[in-house]
Amino acid sequence: MIPTSNFPADTRDVFGSKNCLPVRPAAEFLITLLRCAPSPDEQGCPPTCEELETAARVVAVDAATVWNALQCCFPGTSQARRGQVFVMGQQRVVGPEGQCVGIEQRVTVALPSCKCPEGESP
């Protein structure tokens, strides 16, 4: 969670009890999708080229699927007139490690602003 008065940049404003700045919270999420990775067999032989190619293809499809889901579907998850406000971050492949391989996708989401208490000015 970060405070932001100029989404998506985090704010460096000083907060105090006498002011109510136009700050809204934002949250950074890390979406992770992992699958089993090809690994050596019982005899210690490495995975075949076909197994590695299939695994690479699955990771590429997963990466595109997560990206497209966020770009196409995520904006509609808000009741706001213009949809959910968010910024796509870096996507990277993780692994293979520990017999897993997959992707991580960062996304920063603007959350609803809190209103100033009655009688205080923004």
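Partly exposed residues are those with a relative accessible area between the limits for buried (under 20%) and exposed (over 50%), computed with a 1.4 Å probe on protein chains only. The structure is a predicted model, in which local features need pLDDT of at least 70 and side-chain atom pairs count only at pLDDT 80 or more, whereas totals for chains, interfaces and linings use all residues. Residues are numbered from 1 along each chain as its sequence is written, and side-chain values use heavy atoms, with hydrogens and water left out.

Side chains of opposite charge can pair when their charged atoms come close. With a salt bridge defined as a side-chain nitrogen of Lys or Arg within 4 Å of a carboxyl oxygen of Asp or Glu, four salt bridges were counted. Among them is the pair Glu 28 and Arg 106, whose closest N and O atoms are 3.5 Å apart. Because Glu 28 belongs to strand S2 (residues 24-36) and Arg 106 to strand S4 (residues 100-110), this pair ties together parts that are 78 residues apart in sequence. Helices (H or I, at least four residues) and strands (E, at least two) are DSSP runs, numbered from the N terminus. Arg 106 is partly exposed, at a relative accessible area of 33%.

A further salt bridge joins Glu 104 to Arg 92, with 3.1 Å between the closest N and O atoms. Glu 104 lies in strand S4 and Arg 92 in strand S3 (residues 86-97), so parts 12 residues apart in sequence are tied together. Glu 104 counts as buried at 16% relative accessibility, whereas Arg 92, at 42%, counts as partly exposed.

Within helix H1 (residues 49-72), Arg 57 and Glu 53 lie four residues apart, about one turn of the helix. Their closest N and O atoms are 2.7 Å apart, forming a salt bridge. Glu 53 is partly exposed, with a relative accessible area of 45%.
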